[in-house]
Amino acid sequence: MAGIDRDRDAAIAELSLPWSSGAVEGHVNRIKTLKRQMFGRAGFQLLRKRVLLA
């Protein structure tokens, strides 16, 4: 309950505004998954290629 009280403005905006950030959150989740899979294996250039090709 304390978490909702802390983010009350964000919760009200989510329920009342006509648009959603779901698509953006999906892309962020995909990128984070790729990043976790590659942790300690390769540098930024390979991660960048995988993100752009995925």
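Of the 54 residues of the protein chain, 7% count as buried, where buried means under 20% relative accessible area, exposed over 50%, and partly exposed in between (1.4 Å probe, protein chains only). The model is predicted, so that local features need a pLDDT of at least 70 and side-chain atom pairs count only at pLDDT 80 or more, while totals for chains, interfaces and linings use all residues. Residues are numbered from 1 along each chain as its sequence is written, and side-chain values use heavy atoms, with hydrogens and water left out.

The protein chain holds 4 helices and 0 strands, in the order α-α-α-α from the N terminus on; helices (H or I, at least four residues) and strands (E, at least two) are DSSP runs, numbered from the N terminus. The chain is more spread out than a compact globule, because its radius of gyration is 17 Å, well over the 10 Å that the globule rule gives for 54 residues. That radius is taken over C-alpha atoms, and the globule rule is 2.2 Å times the number of residues to the power 0.38. Along the principal axes, the C-alpha trace spans about 40 × 25 × 10 Å.

Confidence is given as pLDDT, the predictor's confidence in each residue, from 0 to 100. The protein chain averages 83, and 94% of the residues score at least 70. Among the elements, helix α1 (residues 2-6) has the lowest mean pLDDT, 74, whereas helix α3 (residues 22-37) has the highest, 87.

The chain carries 10 positive and 5 negative side chains, and the centres of the two sets lie 21 Å apart. Lys and Arg count as positive and Asp and Glu as negative, while His and the chain ends are not counted; the place of a charge is taken as NZ of Lys, CZ of Arg, CG of Asp or CD of Glu.

Glycine 22 is found in helix α3 and is partly exposed, with a relative accessible area of 42%. Glutamine 37 also lies in helix α3 and is partly exposed at 42%. Lysine 49, in helix α4 (residues 44-53), counts as exposed at 55% relative accessibility. C-alpha separations for these residues follow.

| Residue pair | Separation along the chain | C-alpha distance |
|---|---|---|
| Glycine 22 and alanine 10 | 12 residues | 14 Å |
| Glutamine 37 and leucine 17 | 20 residues | 35 Å |
| Lysine 49 and leucine 15 | 34 residues | 37 Å |
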